[in-house]
Amino acid sequence: MNHITDKILLLAIRLQVCLIGMVILASCNSSSGDVKPEKQVIEEPPAVEVISVQKGKLSSSLQVPGELVAYQQVDLYAKENSFVKKLYVDVGSDVRRGQLLASLEAPELNSKLAEAQSQLRSREAIYQASRASYDRLYETSKTPGTISPNDLEQAAAIKNSQLAQLQAARFVYNQVAETRNYLEIRAPFDGIITSRNIDPGAYVGPSGKGSDTPLFVLQQQKRLRLVVSVPESYAGLVRKQDEVSFTVKSLPHQQFKAKINRLGGSLDNRLRSEHVEMDVVNNDKRLMPGMYAEVNLPLPARDSTFVVPKSAVVTSTEKVFVVKLDQQKAVWVEVEIGREAEGKMEIYGDLNPGDHLIKVATDEIRNGSTIKKQKLVE
């Protein structure tokens with residue numbers, strides 16, 4: 001038992017000695033001289049990437065809203081106050097040019113025509129009598145001394161007067177007859193009746209008098225107009241015969257093609273945009289007037305200009321500029337920007353082909369500062 005107790009005491013003494021040694025070692029380390037700091041390695045800034053500016057052509061496209069309208073559209077009114085006698089078409093009817101759409105009747109117009117016809121016949125009879133009298137006098141006057149020149153001149157004057165009155169009567173008759181033809185409403189071109197606002201027996205007349213609404217609305221739909229407004233900044237890039245593509249909401253997965261046919265040639269005072277029209281063939285009538293379209297308008301490059309990465313252009317509150325390197329000196333060059341596409345941009349300024357520009361420019365690169373290390377990249 002005493003032997004075991006001695007071992008435990010011996011073990012405890014050894015542990016105390018180890019602890020005292022560790023404390024002494026720690027105090028020695030803390031009291032030793034200061035540790036010299038490691039030398040800091042100063043890394044040099046990386047070389048600034050520069051590009052060689054060259055001329056090129058930048059083609060892009062413009063997404064603009066458009067509207068499909070009928071190639072031709074007309075509101076048909078009655079020219080004379082009348083009543084609808086018979087209708088020959090309805091909404092949705094496909095009609096041909098000159099086809100009879102409706103017939104009207106106006107009893108007072110028939111009376112005017114009969115009166116004009118009676119006046120015409122009366123004037124014809126009077127003229128024929130005066131002409132026959134003149135002809136007899138003229139033949140008799142060929143025998144010297146039978147008819148005085150004064151009587152012959154009076155007969156000629158009467159004949160000419162009756163001829164003038166006959167022509168006036170014929171003009172009145174033709175005018176009334178022509179007006180009567182207006183009682184037949186005919187289609188001025190091939191198209192579809194999209195609206196009908198009358199029924200048999202209805203009283204109709206000219207716009208603002210007998211009718212507030214047209215008798216029919218006729219549209220040409222086998223050929224449509226796609227109308228867009230091109231902003232001023234892009235108007236100079238649009239040309240006739242350029243092909244565009246467009247989609248409509250009712251057929252979102254189908255793309256349609258058209259060519260630019262007409263340019264307005266001036267800017268709208270309110271929107272500052274140019275009116276542009278394209279003809280769209282619509283024989284299957286899938287497209288309808290009034291539809292809105294999303295138009296992809298190509299803007300191909302016409303002239304070469306400087307094309308640089310968009311990151312090389314700095315836009316500040318005062319100006320737009322690029323940073324050119326001239327013998328390791330940064331020089332701010334003020335530029336104007338054009339189109340941009342696919343991360344590139346057109347610029348116009350005091351630059352020459354081969355000039356070196358900083359690829360990623362900022363206004364922190366001060367004008368006149370020194371750029372020692374440079375790296376030319378494509």
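**Figure 1. Confidence along the chain.** The average pLDDT of the chain is 83, and 85% of the residues score at least 70; pLDDT is the predictor's confidence in each residue, from 0 to 100. Over residues 30-35 the pLDDT is below 50, and this stretch has zero contacts in the model beyond near neighbours in sequence (contact means heavy atoms within 4.5 Å). This is a predicted model, in which local features need pLDDT of at least 70, side-chain atom pairs count only at pLDDT 80 or more, and totals for chains, interfaces and linings use all residues. Residues are numbered from 1 along each chain as its sequence is written, and side-chain values use heavy atoms, with hydrogens and water left out.

Figure 2. Helices (H or I, at least four residues) and strands (E, at least two) are DSSP runs, numbered from the N terminus. The 33 residues of α3 should span 48 Å at 1.5 Å a residue, and this agrees with its end C-alpha atoms, which are 48 Å apart; the expected span is 1.5 Å times one less than the number of residues. Among the buried residues of α3 are L152, K159, Q162 and V176, where buried means under 20% relative accessible area, exposed over 50% and partly exposed in between (1.4 Å probe, protein chains only). The buried residues of α3 pack against α2 (107-141).

**Figure 3. Residue Q154.** Helix α3 (residues 149-181) contains Q154. Q154 counts as partly exposed because its relative accessibility is 45%. Between Q154 and Y134 there are 8.9 Å in space, C-alpha to C-alpha, and the two are 20 residues apart in sequence.

Figure 4. Strands of a sheet pair through backbone hydrogen bonds, either parallel or antiparallel. Here four strands, in the order β7-β6-β4-β9, form an open sheet with antiparallel pairing. Its edge strands, β7 (184-186) and β9 (203-204), each pair on one side only. Two strands pair if DSSP finds at least two bridges between them; strand β4 (residues 82-87) and strand β6 (residues 100-105) run antiparallel and are joined by four bridges. F83 has E105 in β6 standing opposite.

**Figure 5. Strand β1 and its partners.** Three bridges pair strand β1 (residues 48-52) with strand β21 (residues 374-376) in the parallel sense. E49 has K375 as its bridge partner in β21. With strand β20 (residues 356-358), β1 pairs in the antiparallel sense, again over three bridges. There, S52 has H356 in β20 as its bridge partner.
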